[in-house]
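Colleague: I would like to learn how to read the packing of helices and domains in a model of this kind. Could we go through the features one at a time?

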Amino acid sequence: MRAFIRQSAALALAFSGGAVVAQTIPTEIPRIVTKNGHHALMVDGAPFLMLGAQVNNSSNYPSALPKVWPTIRAMHANTVEVPIAWEQIEAKEGQFDFSFLDQLIAEARTNNVRLVILWFATWKNTSPNYAPAWVKLDNARFPRMTNAKGETHYALSPHSRATLEADKRAFVTLMTHIKAVDPQNTIIMVQPENEPGTYVSVRDFSPTAQKLFDGPVPAALLAKMKKAPGSWKQVFGADADEYFHAWAVASYIQEIAAAGKAVKPLPMYVNASLASAFGRQPAATYSSGGPIHHVIDVYKAAAPALDLLAPDIYARDHAAYLEYLRLYGRPDNPLLVPETGNAAEFARYFYPVIGMGGLGFAPFGMDDTGYSNYPLGARVLDAATLEQFARTYRVFEPMMREWARAGFAGKTWGVAEPTDPKANHTQVMKLGKYTATATFGQHQFGTDKPTGNPQPTGGLAIAELGPDEYLVAGFDTRVSFGLADGARGQAMLYDRVEEGHYDKGRWVFERVQNGDQTDYGLNFTGTPQVLRVKLATYQGNAVIPVGNPN
């Protein structure tokens with residue numbers, strides 16, 4: 001059916017004035033590059049660190065935007081993730097309305113931010129609620145899954161060609177419109193589908209699905225998993241149901257992503273509603289079929305058009321959060337946290353994300369519409385909570401390109417304040433020749449034992465600039481450098497510690513820190529601070545600070 005594209009009057013005016021597409025010089029299409037197992041999101045031809053924010057699910061209408069931008073400006077985000085719903089653009093089959101998208105792009109440019117488009121379609125947190133009524137209310141044409149009892153499940157079946165073709169057609173039309181109206185690439189990434197998979201039912205048990213389940217495992221997956229041929233049950237045993245479902249869902253998304261990329265090859269990823277970070281739980285208790293960490297290889301085999309699989313992390317536990325980062329940050333999978341809690345304690349996890357070379361970080365629910373997803377996030381997104389994220393983004397905003405380049409080189413480290421008593425309020429980073437020990441809850445002067453901050457707000461990241469030279473930034477912590485494996489009689493000292501900032505890619509010197517400011521380590525309080533640290537070694541005993549009251 002021939003698509004009918006309705007443009008708003010406001011868009012027509014914007015077009016005539018050149019605000020959206022007219023007289024715009026196209027820029028290099030964003031892409032993700034990998035070298036030696038390290039990754040970079042290239043935007044305008046250079047590495048880009050996404051200081052992100054995701055709006056609430058229902059903030060994807062024009063009336064909500066005035067309540068979005070003040071929050072985005074206040075937190076100094078450079079990228080905003082916004083849903084575009086299938087029901088929103090194709091309420092009637094074959095008739096498309098992109099007026100909100102056009103307004104969103106125009107206002108994003110006015111606010112000098114980039115966009116990530118979240119395609120809510122066949123799956124939004126596993127459900128079809130964002131599919132148009134002509135899809136989600138027609139089980140005969142667009143069948144839902146069947147559970148093991150033979151009952152109709154709530155989720156749409158990934159084995160339905162009709163559903164896939166309808167979703168794909170809408171997505172391709174969306175990407176075609178993006179290509180036409182966004183030659184300067186305000187939109188830098190797209191997420192096709194949202195937290196796919198299903199709850200309660202581990203897979204589709206319909207006759208169509210069962211026939212495939214009883215058949216052979218596809219050769220591409222056998223090769224990826226290094227398995228001998230056989231049926232799903234023969235090859236994967238107890239994991240067969242979940243692996244089969246993951247393959248079906250990933251293959252479905254692969255067709256959509258590949259078709260969209262054929263129009264405009266923007267980076268594309270799919271996010272995961274997570275299973276436990278430790279151990280295995282029954283597949284029916286989480287989003288089976290989604291990109292859970294233990295089926296990443298299934299997705300890699302089934303959906304090569306996806307640039308990465310990303311964890312949506314709402315775990316407040318320090319150990320669990322770091323484990324998710326480890327599980328998803330792989331040589332074949334760039335690390336991106338596109339959704340995390342917006343409670344104040346989540347802000348500190350920005351530091352280990354970028355320390356592991358992450359492409360970006362985005363707390364969820366960042367607008368002033370008044371909605372809270374507590375207990376996943378904050379009870380209320382008040383000024384004090386927002387400031388925990390804003391203070392970090394303010395520091396990294398001027399140097400995000402420099403940091404992204406260091407991450408691409410694999411020369412970054414980061415820590416968040418631990419909550420496990422066994423950690424003794426301490427985190428250690430191994431930098432090769434040196435170690436950096438971050439402690440939390442100490443006076444700036446002296447050697448008192450760390451006791452932790454009143455709330456877990458501390459975080460710190462380090463980037464190597466060259467031999468013996470590091471860029472350091474953070475809050476509410478002290479960091480002390482030392483030799484990792486010094487020879488007898490060898491000691492380390494701070495050759496020079498400059499405080500300063502970046503301005504258009506150039507380091508601007510402010511002052512040298514020495515004496516009390518460095519004797520007991522480098523202190524990062526609630527005051528924004530960026531340090532450029534030059535280390536050196538010499539033969540002799542280490543310096544003993546004078547005037548130590550402890």
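Colleague: Is the crossing of H4 and H6 right-handed or left-handed?

Modeller: Bear in mind first that this is a predicted model. The crossing of H4 with H6 is right-handed.

Colleague: Which residues of H4 and H6 make that contact?

Modeller: On the H4 side the contact is made by Leu 101, Asp 102, Ile 105 and Arg 109, and on the H6 side by Leu 174, His 177, Ile 178 and Val 181.

Colleague: At what angle do H4 and H6 pack, and how far apart are their axes?

Modeller: In general, two packed helices are described by the angle between their axes together with the distance between those axes. Here helix H4, residues 99–110, packs against helix H6, residues 161–181, at an angle of about 40 degrees, with the axes 11 Å apart. H4 and H6 are therefore oblique to each other.

Colleague: How do the axes of H6 and H10 lie relative to each other?

Modeller: The axes of H6 and helix H10, which spans residues 240–263, come within 8 Å and cross at roughly 25 degrees. Because angles under 35 degrees count as roughly parallel, H6 and H10 are described as roughly parallel to each other. H6 passes H10 in a right-handed crossing.

Colleague: Which residues meet in the contact of H6 with H10?

Modeller: From H6 the list includes Arg 161, Leu 164, Glu 165, Lys 168, Phe 171, Val 172 and Met 175, while among the residues they meet in H10 are Tyr 252, Glu 255, Ile 256, Ala 259 and Val 263. The whole contact of H6 with H10 divides into nine nonpolar, three polar and six charged residues.

Colleague: At what angle do the axes of H7 and H10 cross?

Modeller: Helix H7, residues 207–214, and H10 have axes that cross at roughly 110 degrees and come within 11 Å. H7 and H10 are therefore roughly perpendicular to each other, and their crossing is right-handed. In this contact Ala 209, Leu 212 and Phe 213 of H7 meet Ala 240, Asp 241 and Phe 244 of H10, a set that divides into five nonpolar, no polar and one charged.

Colleague: Moving up to the domains, what does the domain assignment of the chain give?

Modeller: The assignment gives domain 1, covering 43–410, and domain 2, covering 421–539, and the C-alpha centres of domain 1 and domain 2 lie 36 Å apart. Their contact takes 16 residues from domain 1 and 19 residues from domain 2.

Colleague: How much area do domain 1 and domain 2 bury between them?

Modeller: Domain 1 and domain 2 bury about 1,500 Å² between them, with 71% of it on carbon and sulfur atoms. Of the area that domain 1 buries against domain 2, Tyr 351, Arg 391 and Trp 403 supply 38%, more than any other three residues.

Colleague: Turning to the backbone, which residues does a cis peptide bond join?

Modeller: A cis peptide bond joins Tyr 374 and Pro 375, with omega at about 15 degrees. Pro 375 lies in the loop between strand E15 (360–363) and helix H14 (383–396).

Colleague: What is the phi of His 76?

Modeller: His 76 has a positive phi of about 60 degrees, although this residue is not a glycine. His 76 is placed in the loop between helix H2 (69–75) and strand E6 (79–85).

Note on methods
Residues are numbered from 1 along each chain as its sequence is written. This is a predicted model: local features need pLDDT of at least 70, side-chain atom pairs count only at pLDDT 80 or more; totals for chains, interfaces and linings use all residues. Side-chain values use heavy atoms; hydrogens and water are left out. Axes are lines fitted to C-alpha atoms, for helices over the stretch in contact, and angles run from 0 to 180 degrees between N-to-C directions. Helices (H or I, at least four residues) and strands (E, at least two) are DSSP runs, numbered from the N terminus. Angles under 35 degrees count as roughly parallel, over 145 as roughly antiparallel, 65 to 115 as roughly perpendicular and the rest as oblique. A crossing is left-handed if the near helix is turned anticlockwise from the far one by less than a right angle, and right-handed if clockwise. Contact means heavy atoms within 4.5 Å. Domain bounds come from an automatic or database domain assignment. Buried area is the accessible area (1.4 Å probe) that two parts lose on being put together, summed over both. Ala, Val, Leu, Ile, Met, Phe, Trp, Tyr, Cys and Pro count as nonpolar, Asp, Glu, Lys and Arg as charged, and the others, Gly among them, as polar.
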